[in-house]
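I opened a new model today and kept notes as I went. The plan was to go from the overall fold down to a single residue.

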Amino acid sequence: MSYKNIRSIREDNDITQRQVAELLNVSQNTYSQYETGKIEWTASTLIKLADYFDVSVDYLLDRTKNKNWNK
């Protein structure tokens with residue numbers, strides 16, 4: 001399953017897949033497969049992304065429109 005908010009927030013911040021892949025310590029190809037839904041996201045990967053982009057995991061997973069759960 002792919003999640004549009006993950007790609008959108010990356011693009012909105014003008015960050016490449018390669019840059020996010022480096023943050024997550026994976027190859028660009030692996031990250032691309034995460035983003036397209038070919039590989040399932042792990043909890044630890046989602047937490048790293050949420051922390052990096054300062055958003056909630058629920059936002060990344062398209063479970064809410066609110067980027068920050070505490071606001």
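My entries follow, from fold to core.

**Fold.** I noted at the outset that this is a predicted model. I looked up the secondary structure and found 5 helices and 0 strands. Along the sequence the pattern reads α-α-α-α-α. I then checked the radius of gyration: it is 11 Å, close to the 11 Å that the globule rule gives for 71 residues, so the protein is as compact as a globular protein of that length. Along the principal axes, the C-alpha atoms fill a box of roughly 35 × 25 × 20 Å.

**Contacts and surface.** I took contacts between residues at least 6 apart in sequence; 45% of them join residues at least 24 apart. Of the 71 residues, 37% count as buried.

**Charge.** I counted 10 positive and 10 negative side chains. The centres of the two sets lie 3 Å apart.

**Core.** Which residues touch the most other members of the largest nonpolar core? I found I6, V20, Y31, W41, L49, F53 and L60, out of 17 residues in that core. Two or more residues each come from α1 (4-12), α2 (17-24), α3 (28-36), α4 (43-53) and α5 (57-60). The largest share, 4 residues, is from α4. For background, I jotted down that nonpolar side chains tend to be buried together in soluble globular proteins.

**One residue.** Leaving out residues up to four places away in sequence, V20 touches R10, I15, Y31, L49 and F53. Y31, L49 and F53 are also on my list of core residues that touch the most other members.

Key. Residues are numbered from 1 along each chain as its sequence is written. This is a predicted model: local features need pLDDT of at least 70, side-chain atom pairs count only at pLDDT 80 or more; totals for chains, interfaces and linings use all residues. Side-chain values use heavy atoms; hydrogens and water are left out. The radius of gyration is taken over C-alpha atoms; the globule rule is 2.2 Å times the number of residues to the power 0.38. Buried means under 20% relative accessible area, exposed over 50%, partly exposed in between (1.4 Å probe, protein chains only). Contact means heavy atoms within 4.5 Å. Lys and Arg count as positive and Asp and Glu as negative; His and the chain ends are not counted. The place of a charge is taken as NZ of Lys, CZ of Arg, CG of Asp or CD of Glu. A nonpolar core is a set of buried Ala, Val, Leu, Ile, Met, Phe, Trp, Tyr and Cys residues joined through side-chain atoms within 4.5 Å.
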